[in-house]
Amino acid sequence: MEVVYALWLRQIRRYFRSGSRILGTLGQPILLLLALGYGIGAIYERAGAGDYLQFLVPGIITQTVLLSGVFWGIIILMDKRFGFLSELLVAPVSRTKILLGSALGGATISIMQGSLVFILSLFLGFKPYDWLLVVPALAVLALTCVALACFGAAIASSVNDFQGFQGINNLLVMPLFFLSSALYPLDSVPTVLRVISTCNPVSYMVDALRFLLINQTHFGLTKDLIVIGITCVVALAFSVNRFNRIQM
Amino acid sequence: MAQEIIATNNVTKRFGDITAVDAISFSVKKGEIFAFLGPNGAGKSTTIKMLTTMLRPTSGNLHLAGHNVTKERDAARKTFGIVFQDPSLDEELSAYENMDLHATLYGIPKPQRLKRIQKLLELVELWNRKDAMIKTFSGGMRRRLEIARGLLHEPHILFLDEPTLGLDTQTRNLMWDYVKRLSDEKGMTIFFTTHYLDEAEAVAERIAIIDHGKIVASGTTPELCKQTKTKSLEAAYLKLTGSTTRDDDDSGDNNGLNFKMALRNTRLR
(Lines give C-alpha, C1' and ligand atoms only; values in the text may rest on other atoms or scores of the structure.)
Protein backbone atom coordinates (compact mmCIF):
# COMPACT_ATOMS: atom_id res chain seq x y z
CA MET A 1 0.00 0.00 0.00
CA GLU A 2 2.86 2.34 0.85
CA VAL A 3 4.27 1.78 -2.62
CA VAL A 4 1.00 2.75 -4.31
CA TYR A 5 0.86 5.85 -2.12
CA ALA A 6 4.47 6.81 -2.89
CA LEU A 7 3.86 6.52 -6.63
CA TRP A 8 0.62 8.47 -6.31
CA LEU A 9 2.45 11.19 -4.40
CA ARG A 10 5.09 11.30 -7.09
CA GLN A 11 2.48 12.20 -9.70
CA ILE A 12 0.86 14.83 -7.48
CA ARG A 13 4.24 16.44 -6.78
CA ARG A 14 5.04 16.57 -10.46
CA TYR A 15 1.65 18.12 -11.16
CA PHE A 16 2.05 20.95 -8.70
CA ARG A 17 5.56 21.62 -9.95
CA SER A 18 4.50 22.16 -13.54
CA GLY A 19 2.45 25.33 -13.59
CA SER A 20 2.58 25.48 -17.37
CA ARG A 21 0.91 22.07 -17.69
CA ILE A 22 -1.91 23.02 -15.34
CA LEU A 23 -2.59 26.15 -17.37
CA GLY A 24 -2.03 24.39 -20.69
CA THR A 25 -4.70 21.78 -20.07
CA LEU A 26 -7.11 24.44 -18.75
CA GLY A 27 -6.76 26.70 -21.77
CA GLN A 28 -8.74 24.52 -24.12
CA PRO A 29 -11.85 24.04 -21.94
CA ILE A 30 -12.02 27.77 -21.21
CA LEU A 31 -11.78 28.50 -24.91
CA LEU A 32 -14.51 25.98 -25.70
CA LEU A 33 -16.77 27.37 -22.99
CA LEU A 34 -16.33 30.92 -24.24
CA ALA A 35 -16.52 30.23 -27.96
CA LEU A 36 -19.25 27.61 -27.92
CA GLY A 37 -21.07 28.65 -24.77
CA TYR A 38 -21.47 32.25 -25.78
CA GLY A 39 -21.03 31.94 -29.55
CA ILE A 40 -23.46 29.15 -30.29
CA GLY A 41 -25.50 29.81 -27.15
CA ALA A 42 -27.40 32.64 -28.81
CA ILE A 43 -28.61 30.48 -31.72
CA TYR A 44 -29.37 27.59 -29.37
CA GLU A 45 -31.59 29.83 -27.31
CA ARG A 46 -33.35 31.20 -30.38
CA ALA A 47 -34.09 27.61 -31.40
CA GLY A 48 -35.98 27.33 -28.15
CA ALA A 49 -33.70 24.76 -26.54
CA GLY A 50 -32.80 26.81 -23.49
CA ASP A 51 -29.47 27.95 -22.09
CA TYR A 52 -26.62 26.30 -24.03
CA LEU A 53 -23.95 27.19 -21.46
CA GLN A 54 -25.77 25.17 -18.81
CA PHE A 55 -25.99 22.28 -21.24
CA LEU A 56 -22.36 22.57 -22.30
CA VAL A 57 -20.58 22.74 -18.90
CA PRO A 58 -20.92 19.02 -17.99
CA GLY A 59 -19.66 18.16 -21.48
CA ILE A 60 -16.62 20.38 -21.15
CA ILE A 61 -15.83 19.07 -17.65
CA THR A 62 -15.85 15.56 -19.12
CA GLN A 63 -13.69 16.70 -22.01
CA THR A 64 -11.20 18.14 -19.52
CA VAL A 65 -10.87 14.90 -17.58
CA LEU A 66 -10.74 12.88 -20.79
CA LEU A 67 -7.84 14.95 -22.05
CA SER A 68 -6.13 15.13 -18.71
CA GLY A 69 -6.51 11.41 -18.04
CA VAL A 70 -4.99 10.49 -21.35
CA PHE A 71 -2.39 13.21 -21.01
CA TRP A 72 -1.26 11.85 -17.68
CA GLY A 73 -1.03 8.39 -19.18
CA ILE A 74 1.88 9.96 -21.03
CA ILE A 75 3.78 9.78 -17.78
CA ILE A 76 4.17 6.05 -18.30
CA LEU A 77 5.44 6.72 -21.79
CA MET A 78 7.85 9.33 -20.43
CA ASP A 79 9.08 6.90 -17.80
CA LYS A 80 9.59 4.38 -20.56
CA ARG A 81 11.47 6.80 -22.79
CA PHE A 82 13.49 8.54 -20.10
CA GLY A 83 14.49 5.43 -18.23
CA PHE A 84 12.74 5.77 -14.89
CA LEU A 85 10.52 2.81 -15.70
CA SER A 86 13.59 0.53 -15.59
CA GLU A 87 14.12 1.58 -11.98
CA LEU A 88 10.49 0.74 -11.24
CA LEU A 89 10.50 -2.57 -13.09
CA VAL A 90 13.55 -4.06 -11.32
CA ALA A 91 12.18 -3.11 -7.89
CA PRO A 92 10.69 -5.94 -5.82
CA VAL A 93 7.15 -4.66 -6.41
CA SER A 94 4.41 -6.07 -8.61
CA ARG A 95 3.67 -4.25 -11.82
CA THR A 96 0.02 -3.94 -10.89
CA LYS A 97 0.98 -1.80 -7.90
CA ILE A 98 3.20 0.39 -10.04
CA LEU A 99 0.38 0.86 -12.51
CA LEU A 100 -2.23 1.49 -9.82
CA GLY A 101 -0.14 4.17 -8.11
CA SER A 102 0.55 6.01 -11.35
CA ALA A 103 -3.02 5.72 -12.65
CA LEU A 104 -4.57 6.84 -9.36
CA GLY A 105 -2.19 9.79 -9.37
CA GLY A 106 -3.34 10.63 -12.89
CA ALA A 107 -7.00 10.24 -11.87
CA THR A 108 -6.55 12.56 -8.88
CA ILE A 109 -5.00 15.19 -11.09
CA SER A 110 -7.92 14.83 -13.51
CA ILE A 111 -10.41 15.36 -10.69
CA MET A 112 -8.60 18.54 -9.70
CA GLN A 113 -8.58 19.75 -13.30
CA GLY A 114 -12.29 18.92 -13.72
CA SER A 115 -13.14 20.74 -10.49
CA LEU A 116 -11.16 23.76 -11.63
CA VAL A 117 -13.19 23.90 -14.85
CA PHE A 118 -16.37 23.58 -12.79
CA ILE A 119 -15.35 26.52 -10.59
CA LEU A 120 -14.37 28.58 -13.61
CA SER A 121 -17.71 27.87 -15.26
CA LEU A 122 -19.48 29.33 -12.22
CA PHE A 123 -17.82 32.64 -13.04
CA LEU A 124 -19.02 32.34 -16.63
CA GLY A 125 -22.61 32.06 -15.45
CA PHE A 126 -23.11 28.33 -14.82
CA LYS A 127 -25.67 27.50 -12.11
CA PRO A 128 -25.96 23.95 -10.77
CA TYR A 129 -29.54 22.75 -10.47
CA ASP A 130 -29.07 21.70 -6.85
CA TRP A 131 -25.88 22.36 -4.88
CA LEU A 132 -26.40 19.19 -2.82
CA LEU A 133 -26.11 17.11 -6.00
CA VAL A 134 -22.66 18.52 -6.71
CA VAL A 135 -21.30 16.00 -4.18
CA PRO A 136 -22.55 12.87 -6.03
CA ALA A 137 -21.52 14.59 -9.27
CA LEU A 138 -17.95 14.69 -7.93
CA ALA A 139 -18.17 10.99 -7.08
CA VAL A 140 -19.28 10.20 -10.64
CA LEU A 141 -16.48 12.39 -11.92
CA ALA A 142 -13.96 10.49 -9.77
CA LEU A 143 -15.07 7.16 -11.24
CA THR A 144 -14.89 8.63 -14.73
CA CYS A 145 -11.37 9.88 -14.01
CA VAL A 146 -10.17 6.47 -12.86
CA ALA A 147 -11.57 4.87 -16.02
CA LEU A 148 -9.97 7.46 -18.28
CA ALA A 149 -6.61 7.45 -16.49
CA CYS A 150 -6.46 3.65 -16.92
CA PHE A 151 -7.38 4.09 -20.54
CA GLY A 152 -4.53 6.60 -20.94
CA ALA A 153 -2.12 4.27 -19.17
CA ALA A 154 -3.11 1.39 -21.44
CA ILE A 155 -2.48 3.47 -24.56
CA ALA A 156 0.84 4.72 -23.23
CA SER A 157 1.94 1.16 -22.42
CA SER A 158 1.09 0.03 -25.94
CA VAL A 159 3.04 2.63 -27.89
CA ASN A 160 6.74 3.31 -27.86
CA ASP A 161 7.11 6.90 -28.98
CA PHE A 162 5.44 10.25 -28.66
CA GLN A 163 4.46 10.38 -32.33
CA GLY A 164 2.51 7.16 -31.88
CA PHE A 165 0.83 8.59 -28.83
CA GLN A 166 -0.09 11.72 -30.77
CA GLY A 167 -1.62 9.57 -33.50
CA ILE A 168 -3.75 7.63 -31.06
CA ASN A 169 -4.79 10.87 -29.45
CA ASN A 170 -6.09 12.16 -32.76
CA LEU A 171 -7.66 8.89 -33.82
CA LEU A 172 -9.27 8.00 -30.51
CA VAL A 173 -9.57 10.85 -28.06
CA MET A 174 -10.92 13.47 -30.43
CA PRO A 175 -13.69 11.20 -31.80
CA LEU A 176 -14.52 10.08 -28.26
CA PHE A 177 -15.19 13.69 -27.41
CA PHE A 178 -16.83 14.97 -30.58
CA LEU A 179 -18.97 11.87 -31.16
CA SER A 180 -20.47 11.98 -27.70
CA SER A 181 -23.29 13.89 -26.10
CA ALA A 182 -20.83 16.50 -24.84
CA LEU A 183 -21.63 19.20 -27.38
CA TYR A 184 -25.18 18.53 -28.58
CA PRO A 185 -28.37 16.91 -27.27
CA LEU A 186 -28.76 13.41 -28.72
CA ASP A 187 -32.53 13.74 -29.18
CA SER A 188 -32.24 15.96 -32.20
CA VAL A 189 -29.21 14.63 -34.13
CA PRO A 190 -29.28 12.40 -37.26
CA THR A 191 -29.69 8.69 -36.51
CA VAL A 192 -26.12 7.72 -37.51
CA LEU A 193 -24.63 10.19 -35.06
CA ARG A 194 -27.05 9.09 -32.37
CA VAL A 195 -26.16 5.43 -32.82
CA ILE A 196 -22.42 6.18 -32.67
CA SER A 197 -22.83 8.39 -29.61
CA THR A 198 -24.93 5.76 -27.88
CA CYS A 199 -22.04 3.29 -28.24
CA ASN A 200 -19.56 5.81 -26.83
CA PRO A 201 -19.01 5.46 -23.06
CA VAL A 202 -18.05 9.12 -22.86
CA SER A 203 -21.70 9.99 -23.68
CA TYR A 204 -22.78 8.25 -20.49
CA MET A 205 -20.16 10.03 -18.43
CA VAL A 206 -21.41 13.37 -19.73
CA ASP A 207 -25.01 12.30 -19.28
CA ALA A 208 -24.55 11.34 -15.62
CA LEU A 209 -22.89 14.66 -14.85
CA ARG A 210 -25.57 16.51 -16.76
CA PHE A 211 -28.30 14.80 -14.78
CA LEU A 212 -26.69 15.64 -11.45
CA LEU A 213 -25.71 19.19 -12.35
CA ILE A 214 -28.59 20.48 -14.49
CA ASN A 215 -31.24 17.76 -14.18
CA GLN A 216 -31.23 16.78 -17.85
CA THR A 217 -30.64 13.26 -19.06
CA HIS A 218 -30.83 11.22 -22.22
CA PHE A 219 -30.14 7.69 -20.97
CA GLY A 220 -31.14 7.95 -17.32
CA LEU A 221 -28.75 7.83 -14.35
CA THR A 222 -29.00 4.06 -13.76
CA LYS A 223 -27.87 3.23 -17.28
CA ASP A 224 -25.16 5.89 -17.04
CA LEU A 225 -23.74 4.45 -13.84
CA ILE A 226 -23.78 0.89 -15.18
CA VAL A 227 -21.90 1.91 -18.32
CA ILE A 228 -19.38 4.01 -16.34
CA GLY A 229 -18.81 1.13 -13.92
CA ILE A 230 -18.26 -1.37 -16.73
CA THR A 231 -15.94 1.04 -18.55
CA CYS A 232 -13.93 1.48 -15.38
CA VAL A 233 -13.44 -2.26 -14.90
CA VAL A 234 -12.64 -2.89 -18.55
CA ALA A 235 -10.19 0.03 -18.70
CA LEU A 236 -8.46 -1.20 -15.54
CA ALA A 237 -8.13 -4.75 -16.87
CA PHE A 238 -6.94 -3.44 -20.23
CA SER A 239 -4.28 -1.24 -18.65
CA VAL A 240 -3.00 -4.00 -16.34
CA ASN A 241 -2.78 -6.29 -19.35
CA ARG A 242 -0.89 -3.76 -21.49
CA PHE A 243 1.40 -2.67 -18.67
CA ASN A 244 2.36 -6.25 -17.86
CA ARG A 245 3.47 -6.71 -21.43
CA ILE A 246 5.97 -3.88 -21.43
CA GLN A 247 9.43 -5.18 -22.25
CA MET A 248 12.39 -2.94 -21.80
CA MET B 1 35.89 -22.22 -1.60
CA ALA B 2 34.22 -18.89 -2.10
CA GLN B 3 30.51 -18.95 -2.66
CA GLU B 4 29.11 -18.43 -6.15
CA ILE B 5 26.80 -15.45 -5.93
CA ILE B 6 25.92 -15.12 -9.61
CA ALA B 7 25.43 -18.35 -11.51
CA THR B 8 24.05 -18.85 -14.99
CA ASN B 9 23.58 -22.21 -16.59
CA ASN B 10 22.99 -22.70 -20.30
CA VAL B 11 21.13 -19.42 -20.71
CA THR B 12 19.68 -18.65 -24.11
CA LYS B 13 17.62 -15.66 -25.23
CA ARG B 14 16.04 -15.51 -28.65
CA PHE B 15 14.17 -12.58 -30.17
CA GLY B 16 12.30 -14.14 -33.07
CA ASP B 17 14.99 -15.58 -35.34
CA ILE B 18 17.83 -13.74 -33.67
CA THR B 19 19.69 -15.53 -30.91
CA ALA B 20 21.02 -12.71 -28.75
CA VAL B 21 22.48 -14.94 -26.06
CA ASP B 22 23.45 -18.49 -26.95
CA ALA B 23 23.68 -21.06 -24.15
CA ILE B 24 26.06 -19.16 -21.90
CA SER B 25 27.18 -20.42 -18.52
CA PHE B 26 29.35 -18.51 -16.10
CA SER B 27 29.59 -17.75 -12.43
CA VAL B 28 30.86 -14.94 -10.26
CA LYS B 29 32.21 -15.47 -6.75
CA LYS B 30 31.08 -13.49 -3.77
CA GLY B 31 33.03 -10.27 -3.38
CA GLU B 32 34.54 -10.45 -6.83
CA ILE B 33 34.78 -7.56 -9.29
CA PHE B 34 33.74 -9.07 -12.57
CA ALA B 35 33.91 -7.38 -15.97
CA PHE B 36 31.70 -8.47 -18.82
CA LEU B 37 33.12 -7.30 -22.12
CA GLY B 38 32.08 -7.59 -25.72
CA PRO B 39 31.38 -5.62 -28.89
CA ASN B 40 28.08 -3.88 -29.47
CA GLY B 41 25.27 -6.31 -29.96
CA ALA B 42 27.28 -9.19 -28.51
CA GLY B 43 24.64 -9.88 -25.85
CA LYS B 44 25.98 -7.96 -22.84
CA SER B 45 22.92 -5.87 -22.16
CA THR B 46 20.59 -8.77 -22.86
CA THR B 47 22.47 -10.84 -20.27
CA ILE B 48 22.29 -8.04 -17.71
CA LYS B 49 18.59 -7.61 -18.41
CA MET B 50 17.99 -11.31 -17.82
CA LEU B 51 20.04 -11.27 -14.62
CA THR B 52 18.11 -8.26 -13.36
CA THR B 53 14.67 -9.76 -14.14
CA MET B 54 13.82 -7.34 -16.92
CA LEU B 55 13.82 -10.05 -19.58
CA ARG B 56 12.89 -13.70 -19.25
CA PRO B 57 15.40 -16.16 -20.68
CA THR B 58 14.14 -18.40 -23.49
CA SER B 59 15.82 -21.30 -21.71
CA GLY B 60 18.36 -21.94 -18.97
CA ASN B 61 18.69 -20.90 -15.34
CA LEU B 62 20.01 -17.81 -13.65
CA HIS B 63 20.65 -17.55 -9.91
CA LEU B 64 21.44 -14.52 -7.78
CA ALA B 65 22.56 -15.27 -4.23
CA GLY B 66 20.82 -18.62 -4.50
CA HIS B 67 17.52 -17.24 -5.78
CA ASN B 68 16.21 -18.37 -9.13
CA VAL B 69 15.72 -15.17 -11.11
CA THR B 70 12.59 -16.31 -12.96
CA LYS B 71 10.94 -18.25 -10.15
CA GLU B 72 11.75 -16.13 -7.08
CA ARG B 73 11.73 -12.80 -8.80
CA ASP B 74 11.16 -10.47 -5.87
CA ALA B 75 13.68 -12.26 -3.65
CA ALA B 76 16.24 -12.07 -6.45
CA ARG B 77 15.43 -8.38 -6.98
CA LYS B 78 16.27 -7.53 -3.40
CA THR B 79 19.77 -8.94 -3.75
CA PHE B 80 21.06 -6.49 -6.32
CA GLY B 81 21.37 -2.82 -7.06
CA ILE B 82 21.83 -1.58 -10.58
CA VAL B 83 23.13 1.45 -12.38
CA PHE B 84 21.60 1.35 -15.83
CA GLN B 85 23.34 2.23 -19.03
CA ASP B 86 20.78 4.98 -19.67
CA PRO B 87 19.76 7.58 -17.10
CA SER B 88 16.95 6.37 -14.88
CA LEU B 89 16.20 9.15 -12.40
CA ASP B 90 12.97 11.08 -12.16
CA GLU B 91 13.99 14.50 -13.46
CA GLU B 92 11.15 16.32 -11.81
CA LEU B 93 11.85 15.05 -8.33
CA SER B 94 14.66 16.15 -6.05
CA ALA B 95 17.66 13.98 -5.23
CA TYR B 96 16.21 13.22 -1.82
CA GLU B 97 12.79 12.33 -3.25
CA ASN B 98 14.37 9.96 -5.76
CA MET B 99 16.18 8.21 -2.92
CA ASP B 100 13.10 8.14 -0.73
CA LEU B 101 10.95 6.62 -3.49
CA HIS B 102 13.58 3.93 -3.98
CA ALA B 103 13.58 3.23 -0.24
CA THR B 104 9.79 2.78 -0.36
CA LEU B 105 9.98 0.48 -3.38
CA TYR B 106 12.47 -1.75 -1.57
CA GLY B 107 10.54 -1.70 1.68
CA ILE B 108 13.26 -0.10 3.81
CA PRO B 109 11.70 0.69 7.20
CA LYS B 110 10.96 4.39 7.72
CA PRO B 111 13.21 4.98 10.78
CA GLN B 112 16.31 3.82 8.88
CA ARG B 113 15.60 5.72 5.71
CA LEU B 114 16.76 9.20 6.58
CA LYS B 115 20.00 7.94 8.13
CA ARG B 116 20.86 5.72 5.19
CA ILE B 117 19.97 8.32 2.59
CA GLN B 118 22.03 10.95 4.36
CA LYS B 119 25.02 8.63 4.66
CA LEU B 120 24.95 7.71 0.99
CA LEU B 121 24.31 11.22 -0.29
CA GLU B 122 27.21 12.47 1.81
CA LEU B 123 29.35 9.73 0.42
CA VAL B 124 28.68 10.76 -3.19
CA GLU B 125 28.96 14.41 -2.14
CA LEU B 126 25.41 15.36 -2.98
CA TRP B 127 23.94 15.91 0.49
CA ASN B 128 24.09 19.70 0.12
CA ARG B 129 22.13 19.38 -3.15
CA LYS B 130 19.54 16.97 -1.79
CA ASP B 131 16.57 19.25 -2.41
CA ALA B 132 17.59 20.28 -5.92
CA MET B 133 15.64 18.90 -8.87
CA ILE B 134 17.46 16.29 -10.94
CA LYS B 135 16.98 18.36 -14.08
CA THR B 136 19.49 20.84 -12.67
CA PHE B 137 22.12 18.10 -12.18
CA SER B 138 25.10 17.48 -14.46
CA GLY B 139 25.77 14.05 -15.99
CA GLY B 140 28.36 13.20 -13.35
CA MET B 141 26.09 14.18 -10.49
CA ARG B 142 23.30 12.04 -11.89
CA ARG B 143 25.61 9.05 -12.17
CA ARG B 144 26.77 9.51 -8.59
CA LEU B 145 23.21 9.73 -7.40
CA GLU B 146 22.30 6.59 -9.34
CA ILE B 147 25.12 4.73 -7.65
CA ALA B 148 24.00 5.97 -4.25
CA ARG B 149 20.46 4.88 -5.07
CA GLY B 150 21.62 1.45 -6.21
CA LEU B 151 23.29 0.95 -2.83
CA LEU B 152 20.44 2.21 -0.69
CA HIS B 153 18.89 -1.19 0.00
CA GLU B 154 22.32 -2.66 0.83
CA PRO B 155 22.44 -5.18 -2.01
CA HIS B 156 24.89 -8.07 -2.21
CA ILE B 157 25.52 -7.46 -5.88
CA LEU B 158 25.94 -4.22 -7.79
CA PHE B 159 25.36 -4.26 -11.55
CA LEU B 160 26.97 -1.43 -13.46
CA ASP B 161 26.02 -1.30 -17.14
CA GLU B 162 28.56 0.96 -18.83
CA PRO B 163 28.63 3.19 -15.78
CA THR B 164 31.38 5.53 -16.95
CA LEU B 165 29.92 6.35 -20.34
CA GLY B 166 30.15 10.10 -20.85
CA LEU B 167 31.83 10.84 -17.53
CA ASP B 168 34.96 12.94 -17.15
CA THR B 169 38.21 11.38 -15.96
CA GLN B 170 37.90 12.81 -12.44
CA THR B 171 34.44 11.37 -11.91
CA ARG B 172 35.48 8.05 -13.43
CA ASN B 173 38.43 7.69 -11.10
CA LEU B 174 36.33 8.70 -8.12
CA MET B 175 33.67 6.20 -9.07
CA TRP B 176 36.05 3.28 -9.49
CA ASP B 177 37.87 4.10 -6.25
CA TYR B 178 34.57 3.98 -4.51
CA VAL B 179 33.44 0.79 -6.19
CA LYS B 180 36.72 -0.91 -5.25
CA ARG B 181 36.30 0.19 -1.67
CA LEU B 182 32.80 -1.25 -1.58
CA SER B 183 34.13 -4.55 -2.80
CA ASP B 184 37.04 -4.58 -0.32
CA GLU B 185 35.23 -3.36 2.76
CA LYS B 186 31.73 -4.73 2.37
CA GLY B 187 32.52 -7.78 0.27
CA MET B 188 30.08 -6.56 -2.33
CA THR B 189 30.10 -8.33 -5.67
CA ILE B 190 30.49 -6.00 -8.64
CA PHE B 191 29.38 -6.99 -12.12
CA PHE B 192 30.09 -4.40 -14.77
CA THR B 193 30.23 -3.88 -18.50
CA THR B 194 32.35 -1.31 -20.24
CA HIS B 195 33.86 -0.46 -23.59
CA TYR B 196 36.95 1.03 -21.98
CA LEU B 197 39.36 -1.86 -21.69
CA ASP B 198 41.87 0.08 -19.59
CA GLU B 199 39.14 0.37 -16.99
CA ALA B 200 38.44 -3.34 -17.04
CA GLU B 201 42.14 -4.11 -16.82
CA ALA B 202 42.63 -1.80 -13.85
CA VAL B 203 39.57 -2.71 -11.85
CA ALA B 204 38.33 -6.19 -12.67
CA GLU B 205 39.56 -9.28 -10.89
CA ARG B 206 38.06 -11.53 -13.51
CA ILE B 207 36.85 -10.87 -17.02
CA ALA B 208 34.53 -12.66 -19.42
CA ILE B 209 34.41 -11.76 -23.08
CA ILE B 210 31.20 -12.37 -24.98
CA ASP B 211 30.77 -12.28 -28.73
CA HIS B 212 27.87 -13.31 -30.95
CA GLY B 213 25.98 -14.36 -27.83
CA LYS B 214 28.69 -16.78 -26.67
CA ILE B 215 31.38 -16.44 -24.06
CA VAL B 216 34.62 -16.72 -26.01
CA ALA B 217 37.04 -16.47 -23.09
CA SER B 218 37.17 -15.79 -19.40
CA GLY B 219 39.77 -15.39 -16.68
CA THR B 220 42.12 -12.79 -15.21
CA THR B 221 43.91 -10.35 -17.49
CA PRO B 222 47.19 -12.31 -17.40
CA GLU B 223 45.29 -15.51 -18.16
CA LEU B 224 43.55 -13.92 -21.13
CA CYS B 225 46.86 -12.57 -22.43
CA LYS B 226 48.45 -15.97 -22.04
CA GLN B 227 45.57 -17.70 -23.84
CA THR B 228 45.80 -15.35 -26.79
CA LYS B 229 49.59 -14.86 -26.68
CA THR B 230 49.19 -11.09 -26.45
CA LYS B 231 50.57 -8.43 -24.14
CA SER B 232 47.56 -6.35 -23.12
CA LEU B 233 43.89 -6.87 -22.47
CA GLU B 234 43.05 -4.68 -25.44
CA ALA B 235 45.14 -6.80 -27.78
CA ALA B 236 43.68 -9.99 -26.32
CA TYR B 237 40.18 -8.60 -26.70
CA LEU B 238 40.70 -7.63 -30.32
CA LYS B 239 42.25 -10.97 -31.12
CA LEU B 240 39.23 -12.73 -29.65
CA THR B 241 36.50 -10.58 -31.10
CA GLY B 242 38.13 -9.48 -34.37
CA SER B 243 38.62 -5.92 -35.41
CA THR B 244 35.60 -5.40 -37.62
CA THR B 245 32.58 -3.51 -36.31
CA ARG B 246 29.16 -5.04 -35.79
CA ASP B 247 25.61 -4.31 -36.61
CA ASP B 248 23.81 -3.46 -33.48
CA ASP B 249 21.10 -6.06 -33.11
CA ASP B 250 20.80 -5.53 -29.38
CA SER B 251 18.25 -2.76 -29.13
CA GLY B 252 19.29 -1.49 -25.72
CA ASP B 253 22.91 -1.17 -26.63
CA ASN B 254 23.14 1.68 -29.06
CA ASN B 255 24.95 4.77 -28.01
CA GLY B 256 26.90 5.53 -31.13
CA LEU B 257 29.61 3.27 -29.82
CA ASN B 258 29.97 1.45 -33.11
CA PHE B 259 31.56 4.58 -34.41
CA LYS B 260 33.85 4.94 -31.42
CA MET B 261 34.94 1.33 -31.65
CA ALA B 262 35.59 1.74 -35.37
CA LEU B 263 37.81 4.73 -34.66
CA ARG B 264 39.70 2.87 -31.98
CA ASN B 265 40.25 -0.09 -34.23
CA THR B 266 41.56 1.92 -37.15
CA ARG B 267 43.97 3.66 -34.84
CA LEU B 268 45.28 0.34 -33.64
CA ARG B 269 45.82 -1.07 -37.07
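Student: Which strands of chain B does helix 8 (residues 221-228) lie across?

Tutor: Helix 8 lies across strand 9 (206-211) and strand 10 of chain B, and runs at about 115 degrees to strand 10. Helices (H or I, at least four residues) and strands (E, at least two) are DSSP runs, numbered from the N terminus. Contact means that C-beta atoms, placed from the backbone, lie within 7 Å. Axes are lines fitted to C-alpha atoms, for helices over the stretch in contact, with angles from 0 to 180 degrees between N-to-C directions.

This is a predicted model: local features need pLDDT of at least 70, side-chain atom pairs count only at pLDDT 80 or more, and totals for chains, interfaces and linings use all residues. Residues are numbered from 1 along each chain as its sequence is written, while chains are lettered from A and ligands numbered from 1 in the order in which they are written.

Student: How do strands of a sheet pair?

Tutor: They pair through backbone hydrogen bonds, either parallel or antiparallel. Here, two strands count as paired if DSSP finds at least two bridges between them. In chain B, an open sheet of six strands has the order 6-7-8-3-9-10, with mixed pairing. Strand 6 (80-83) and strand 10 (214-219) are its edges, each pairing on one side only.

Student: In which sense do strand 3 and strand 8 of chain B pair?

Tutor: Strand 3 (residues 33-37) and strand 8 (residues 189-193) of chain B are parallel, over four bridges. Ile33(B) has Ile190(B) as its bridge partner in strand 8.

Student: What is the order of the open sheet of four strands in chain B?

Tutor: That order is 2-1-4-5, with antiparallel pairing.

Methods:
Two residues are in contact if their C-beta atoms, placed from the backbone, lie within 7 Å.
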